[in-house]
Amino acid sequence: MSGGNLPGTPASGTRLGGPRAAFVWGLGVAVYFTAITYRTSLGVAGIDAADRFQVNASALSTFSILQLLVYAGMQIPVGLLVDRWGTKKVLTLGIVLFTTGQFAFALSGSYVMALAARALLGCGDAMTFISVLRLGSNWFPPRRGPLIAQVAALFGMAGNLLTTLVLARLLAAFGWTPTFAGSAALGVLVLVLVLVFLKDRPEAPAPASVPAPVSAAPVPAAAAPGPEPVRERGYVRRQLAEAWREPGTRLGMWVHFTTQFPGMVFLLLWGMPFLVEAQGRTRAEAGTLLTVVVLSNMAIGLVYGQVIARHHSARAPIALGTVLATAAVWAMVLCWPGRAPLWALVLMCVVLGSCGPGSMIGFDFARPANPPERQGTASGIVNIGGFTASMTALLAVGVLLDATGDDYRIAFASLFVLQALGTAQILRLRGRAHRRERERVVASRVEAVHVPV
């Protein structure tokens, strides 16, 4: 899919890739890394939060549910903002919001104040990943899209690794306020770097000079394409309608919905309580198992990115295989008589590590289905899928734990319902999206060959 200017491809003539592209894109990834660190910080502090604010399982899950509710609700507005404002402005606003939220969470002395802080954090977090995806498509050639997206997610998971390895130990050593307030300094650092060094896209090369008559008017150098102010009425409605009309966008959303939430629920909140309270592991052992999820995510992300970059047709089989493997290990651990052995828990954590990379495949369906000016909107629609599922699953697990007296088997069994729903939608849309994508590629090649003289 590299011939011609396909949908989602930057304007021809712009130099893409290289060390400068890696540096600028790396700044965006650093912002995403910081956002993931803040987002997952509650995952290692869930038991401490329950003691600090004196809340039960349902109220504890409300922290993450509210954070994800804000995140999911912001995806389409953020996608529209990225298409209109560009990445630098949106990332800057996101950093200010999630850093303020993390600092406020450190100082929270009441449950209500802590909820407000997590909502603010979720709002800023929502502005990061779509911006990083757009930054990658602006600075790298389209053929690298799947790998660039997976590598961005990999570095994001490194933020989760920082949470499980460092933040958990700092929390045990220094307590709530110093740990969360100190972590907010990372947000201040990335804010300065973004303001000084980040650029939305590379400059277009200057046109070659050609002899011109003396009377000819000077021709200005071509400016790099960038987001232009959109003033016409109906812009938002049209962007959403056209992105949603593409089967690839809808398929991407359901792939993200179905693959992401098991790992997200485990890492974001319920993994530590499940391993400690239901499986009898120490907090140190549970922290190590959560680290296994993160390391597996990083390794599998590289594999998925390389495979899909070389074999585009592998997208759907890999996504469906991820769902099947996740369901199988969940069923094995939940149906195990008594407490599951360590090897089974390790296997479960390794497979859960595939959920994040699997969800990234959703963007690989939406990217070729939409032109550059609609990439942010389409990415927002895709991203809303997994976080809606995660929010629903977090709520279901919390409510069922309270209703069943902390029966994790019943509570976690609710996740199979969401997997079944998402799988049915993937199977329904898969053929339609593939046909549409083939038609688009053929039309693009014909257009590239039949150039008017």
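Author: The protein chain holds 17 helices and zero strands. This is a predicted model. Of the 453 residues in the protein chain, 55% are buried. Among contacts with a separation of 6 or more, 84% join residues 24 or more positions apart.

Reader: Why are α3 and α9 called roughly perpendicular?

Author: Helix α3 (residues 57-85) and helix α9 (residues 235-245) pack at an angle of about 110°, with 11 Å between their axes. The range for roughly perpendicular is 65 to 115 degrees, and α3 and α9 therefore belong in that class. The contact involves I76, L80, D83 and R84 of α3, together with Y235, V236, Q239 and L240 of α9. Five nonpolar, one polar and two charged residues take part in this contact of α3 with α9.

Reader: How do you know that α10 is largely enclosed by the rest of the structure?

Author: A residue is buried when its relative accessible area is under 20%. In α10, 29 of the 32 residues are buried, so the helix is largely enclosed by the rest of the structure. Helix α10 (residues 247-278) also has a kink of about 80° at W270, shortly before the proline P273. After α10 comes G280, which has a positive phi near 70°.

Reader: Why is W270 called buried?

Author: W270, which is found in helix α10, has a relative accessible area of 2%. The cut-off for a buried residue is under 20%, and W270 is therefore buried. Leaving aside its neighbours within four places in sequence, W270 is in contact with A57, S61, V265, L394, V397, G398, L401 and F412. W270 and L60 are 210 residues apart along the chain, with their C-alpha atoms separated by 9.9 Å.

Reader: What makes A153 a buried residue?

Author: A153 has 10% relative accessibility. Buried means under 20%, so A153 counts as buried. The place of A153 is in helix α7. Beyond its neighbours within four places in sequence, A153 is in contact with Y32 and M360. Between A153 and L302 there are 149 residues of sequence separation, and the C-alpha to C-alpha distance is 9.6 Å.

Reader: Why is D125 called buried?

Author: D125 lies in helix α5 (residues 111-125). The relative accessible area of D125 is 1%; a buried residue has under 20%, and D125 is therefore buried. Apart from its neighbours within four places in sequence, D125 is in contact with A35, R39, Q67, Y71 and F98.

Reader: Why does Q54 count as exposed, whereas D406 counts as partly exposed?

Author: Exposed means over 50%, and partly exposed lies between that value and the 20% under which a residue is buried. Q54 has 66% relative accessibility and so counts as exposed. D406 has 44% relative accessibility and so counts as partly exposed. Q54 is found in the loop between α2 (46-53) and α3, and D406 in the loop between α15 (375-403) and α16 (408-413).

Reader: What is the phi of Q54, and what is the phi of D406?

Author: Most residues other than glycine have a negative phi. Q54 is not a glycine, yet its phi is positive, about 55°. D406, also not a glycine, has a positive phi of about 65°.

Notes:
Residues are numbered from 1 along each chain as its sequence is written. This is a predicted model: local features need pLDDT of at least 70, side-chain atom pairs count only at pLDDT 80 or more; totals for chains, interfaces and linings use all residues. Side-chain values use heavy atoms; hydrogens and water are left out. The bend at a residue is the angle between axes fitted to the seven residues ending there and the seven starting there. Helices (H or I, at least four residues) and strands (E, at least two) are DSSP runs, numbered from the N terminus. Buried means under 20% relative accessible area, exposed over 50%, partly exposed in between (1.4 Å probe, protein chains only). Axes are lines fitted to C-alpha atoms, for helices over the stretch in contact, and angles run from 0 to 180 degrees between N-to-C directions. Angles under 35 degrees count as roughly parallel, over 145 as roughly antiparallel, 65 to 115 as roughly perpendicular and the rest as oblique. Contact means heavy atoms within 4.5 Å. Ala, Val, Leu, Ile, Met, Phe, Trp, Tyr, Cys and Pro count as nonpolar, Asp, Glu, Lys and Arg as charged, and the others, Gly among them, as polar.
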